[in-house]
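Have the structure open as you read.

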Amino acid sequence: MTDDPTSPSMALLPAGLRDLLPPDAEHEARVVGRLMKEFTRHGYERVKPPLIEFEEGLLSGPGRALAKQTFRLMDPISQQMMGVRSDMTLQVARIAATRMPKSPRPLRLSYAGQVLRVKGSQLRPERQFGQVGIELIGGMQVEADAEVVLLAASALAAVGADSVTIDLTVPTLVPTVCRALNLTDAETRRVRDALDRRDTAAVAAIGGPAGDLLVRIMGAAGPAAAAVAALSAVDLPTVAEPDRWRLTEVVKLLTAAAPHLNLTIDPVEQRGFEYQTGLSFTIFARGVTGELGRGGRYRSGGDGEPATGFTLYTDTVLRAIPGPPPPRRILLPHGTPYAEGARLRDEGWQTVAVLEPGADLPAEARRQGCGHLWAGGRIQEIQDRP
C-alpha cells in the first residue's frame with residue numbers, strides 16, 4: 001500500500017472495472033435518461049432495487065442460474081450472507097411479487113442501474129456495467145411478447161442506434177424435443193453442446209429420428225420469414241407445438257407493426273438464457289461487438305407468475321450510437337454578474353467562471369475547453385491558435 005496519490009498503483013483498478021470520464025459519463029447519463037423516457041411513454045413505471053440483497057432471496061428460484069456470477073459478502077449487522085446483484089431482472093420480479101402483489105396486472109415496470117459480475121465474457125470483458133430495461137409481469141399473451149420487442153426497438157431508435165437486428169429464439173424448444181424423443185440426460189447434453197457449436201455432423205450423429213429432426217430444427221434459422229416457413233415444415237412432437245405457435249404468432253405481430261424491423265430466428269440458441277422459459281431474443285447492431293441487450297419470457301416470484309421483458313447493456317449501446325456532441329461551453333470573466341451567467345445557462349450554455357482576475361481570457365477559454373467567451377455583454381467565439 002502507498003499513501004502517495006501520484007503513485008501509478010493508485011490508478012490501478014481490478015480487471016473488468018474502469019472509470020468513466022468526461023464527456024462519456026455525461027453522455028451515458030443522457031442516454032439512460034432518454035431510454036427511460038421512452039419506457040415511460042409506453043406506460044412503464046420506474047422501480048429502484050438495492051445494489052445488495054440477502055443471498056437467500058437474490059439467488060432463489062431462477063436466481064440460482066446466476067449464482068456463479070454473484071459476488072458474496074457477509075453482512076456485519078445481520079451476520080447473513082449477502083449478494084451483489086449481477087442482473088436486475090429478478091430483483092424487479094421480486095418487487096412485483098412481494099411489494100406490489102395487489103397492483104393490477106399486467107404490471108409494467110422499468111429500471112436502470114449498475115451490476116457487478118464475478119467474471120466478464122469474451123465479448124464483454126467488463127465486470128461492472130449498466131443495465132436499463134423493462135419487465136411486463138402477468139401477461140401470457142403473444143401481444144405481450146410483441147410489445148417488449150417493439151419497445152426495445154423503439155427505445156434504441158430513440159437514442160440513435162441504427163442497423164439493429166433482433167434475433168428471436170425459443171430456449172425451451174430443444175429441451176422439450178429431447179424429452180419427447182426420450183433422449184437420456186447424457187445424450188441431451190451432447191445435443192446441447194453440438195448445437196451450441198452449430199456442429200451439424202455431431203447433431204446428426206445422435207442417430208435415428210432424433211438426429212434428423214434436430215438437424216432440421218437447427219436449419220430453420222435466418223431471416224424471420226424464411227425461418228418460420230422452414231420451421232413450420234418440421235414435424236415436431238406435439239408437446240413442442242406451443243413453442244412454434246408462439247414464435248410464429250409473434251413474428252406476425254412484429255412484421256405487421258414494424259415491417260422494416262430486421263428480424264432473424266435461431267431456434268436452437270440457448271446460451272445466456274439461463275432462466276428464460278419461452279420466446280426470447282438478443283439484440284445486435286451491425287459493426288458492434290457483443291449484444292446490445294437480451295430479453296424473453298420467464299416465471300416471476302414464488303407462484304411462477306408469467307412475465308417477459310428485456311435488458312439493454314449501456315456499454316454496448318454506447319458503442320452503437322453517435323458519440324456526444326461538442327458541448328456549448330462559454331467562459332465567464334472574473335466578476336461577471338450571476339444573473340448574466342444564469343441567463344446564458346437558461347439559453348443552453350455551459351458556463352465556466354474564472355475565479356480570479358488577470359487571466360489571459362482567450363487562453364483560459366481554450367484551456368478550459370470553452371469555445372466561446374462572454375465579453376462586453378456579447379458572446380465571442382474563440383479562435384484556435386494559428
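This is a predicted model: local features need pLDDT of at least 70, side-chain atom pairs count only at pLDDT 80 or more; totals for chains, interfaces and linings use all residues.

E28 sits in helix α1, which covers residues 24-41. Leaving aside residues up to four places away in sequence, E28 touches L20, Q114, T314 and L318.

## Salt bridges worth a look

The structure holds 21 salt bridges. One of them joins R41 to E38, with the closest N and O atoms 2.9 Å apart. These two residues are three apart in helix α1, which puts about one helical turn between them. In general, an α-helix has 3.6 residues a turn, so residues three or four places apart point the same way. R41 is exposed, with a relative accessible area of 57%, whereas E38 is buried at 5%.

R94 and E53 also meet through their side chains, at 3.0 Å from N to O. R94 belongs to helix α3 (residues 89-98) and E53 to strand β2, so the pair ties together parts that are 41 residues apart in sequence. E53 counts as buried, at 10% relative accessibility.

A further salt bridge links R197 and D199, whose closest N and O atoms are 3.4 Å apart. R197 is exposed at 53% relative accessible area, and D199 is partly exposed at 28%. Elsewhere, salt bridges with shared partners join R192, D196, R198, D266, E269 and R271 into one network.

I52 lies in strand β2 (residues 52-54) and is partly exposed, at 31% relative accessibility.

Now turn to helix α5 (residues 173-180), where L173, V174, T176, V177 and C178 are buried. Their cover includes α6 (185-196), α8 (208-219) and α10 (241-257). Just after α5, N182 takes a positive phi of about 60°.

## The whole protein

The protein has 13 helices and 16 strands, and 45% of its 386 residues count as buried. Its C-alpha atoms fill a box of roughly 90 × 55 × 45 Å along the principal axes. The accessible surface comes to about 20200 Å², and carbon and sulfur atoms account for 55% of it. As for charge, the mean positions of the 44 positive and 45 negative charges are 1 Å apart.

Key
Residues are numbered from 1 along each chain as its sequence is written. Side-chain values use heavy atoms; hydrogens and water are left out. Helices (H or I, at least four residues) and strands (E, at least two) are DSSP runs, numbered from the N terminus. Buried means under 20% relative accessible area, exposed over 50%, partly exposed in between (1.4 Å probe, protein chains only). Contact means heavy atoms within 4.5 Å. Accessible areas come from the Shrake-Rupley method with a 1.4 Å probe; for residues, only the protein chains shown count as cover. Lys and Arg count as positive and Asp and Glu as negative; His and the chain ends are not counted. The place of a charge is taken as NZ of Lys, CZ of Arg, CG of Asp or CD of Glu. A salt bridge is a side-chain nitrogen of Lys or Arg within 4 Å of a carboxyl oxygen of Asp or Glu.
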